[in-house]
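Please look over the model below before reading on.

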Amino acid sequence: MLNPTQRCTSEQRSKYGKSMPFSTDGKSLLPSTKDVQPPHDVHKVKNHSDPNAMVELEEGSGVFLTNAIITRLTRDPKKMTQELMTALFSREIMAKSSITGKQANSFKTLDPKPQLNPAIVSAICFYVMNQFSTINWKEVHAVIRSKLNNEAKLWKP
């Protein structure tokens, strides 16, 4: 498992592909989540039979969901990513945000959309990649980008 603050090994690079969140010198490009404190009611036990128990999506990420949501996730990487997006972001946030926060090349006249919380996006990516060895960082980002585009098309204030 990768921690956003760890250095990247060659084995991790081969597992996650070129588009993982590490620079060429192995330093993380992800924001630190050291200052994120878990909710006071987080259960750290391995047997999460209580559906209301809060479970950290990826260890050390600071992103929490209820056990009920995690157990209902689909066993398809694309669908799981979309379900996690829906659970962690409102439709309005998804419709009005982008994955990078950068200016789109095709819409230079429009202001750039604000960036989604990078710590949450990273937690989603790592969780899905840890569940499915066949998917990489770039593919998860493509699903997230597609979800954001679809929500933007459907958004009616």
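1. Start with Ile124. Beyond its neighbours within four places in sequence, Ile124 is in contact (heavy atoms within 4.5 Å) with Leu57, Thr81, Leu84, Met85, Leu88, Phe89 and Ile144.

2. A word on the basis. This is a predicted model, in which local features need pLDDT of at least 70, side-chain atom pairs count only at pLDDT 80 or more, and totals for chains, interfaces and linings use all residues. Residues are numbered from 1 along each chain as its sequence is written, and side-chain values use heavy atoms, with hydrogens and water left out.

3. The largest nonpolar core has 29 residues, and Leu57, Leu84, Phe89, Ile124 and Ile144 have the most contacts inside it. Helices H3 (77–88), H5 (118–131) and H6 (137–154) are the elements that give two or more residues to this core. H5 supplies the largest share, nine residues. A nonpolar core here is a set of buried Ala, Val, Leu, Ile, Met, Phe, Trp, Tyr and Cys residues joined through side-chain atoms within 4.5 Å. Buried means under 20% relative accessible area, exposed over 50%, and partly exposed in between, with a 1.4 Å probe and protein chains only.

4. Now the overall layout. The protein has six helices and two strands. Along the sequence the pattern is α-β-β-α-α-α-α-α. Helices (H or I, at least four residues) and strands (E, at least two) are DSSP runs, numbered from the N terminus. Of the 157 residues, 39% count as buried.

5. Take H3 next. It has 12 residues and reaches 16 Å from its first C-alpha to its last, close to the 16 Å expected at 1.5 Å a residue. That expected span is 1.5 Å times one less than the number of residues. Pro77, Met80, Thr81, Gln82, Leu84, Met85 and Leu88 are buried in H3. Their cover includes strand S2 (64–66), helix H4 (91–95), H5 and H6.

6. Is His141 buried or exposed? His141 lies in H6. It counts as buried because its relative accessibility is 18%. Leaving aside neighbours within four places in sequence, its contacts are Ile99, Val121 and Cys125.

7. Finally, confidence. pLDDT is the predictor's confidence in each residue, from 0 to 100. The protein averages 76, and 69% of the residues score at least 70. Over residues 1–10 the pLDDT is below 50. Residues 12–47 stay under 50 too, and the model has 66 contacts for them beyond four places in sequence. Where pLDDT is low, the predicted coordinates should not be read in detail.
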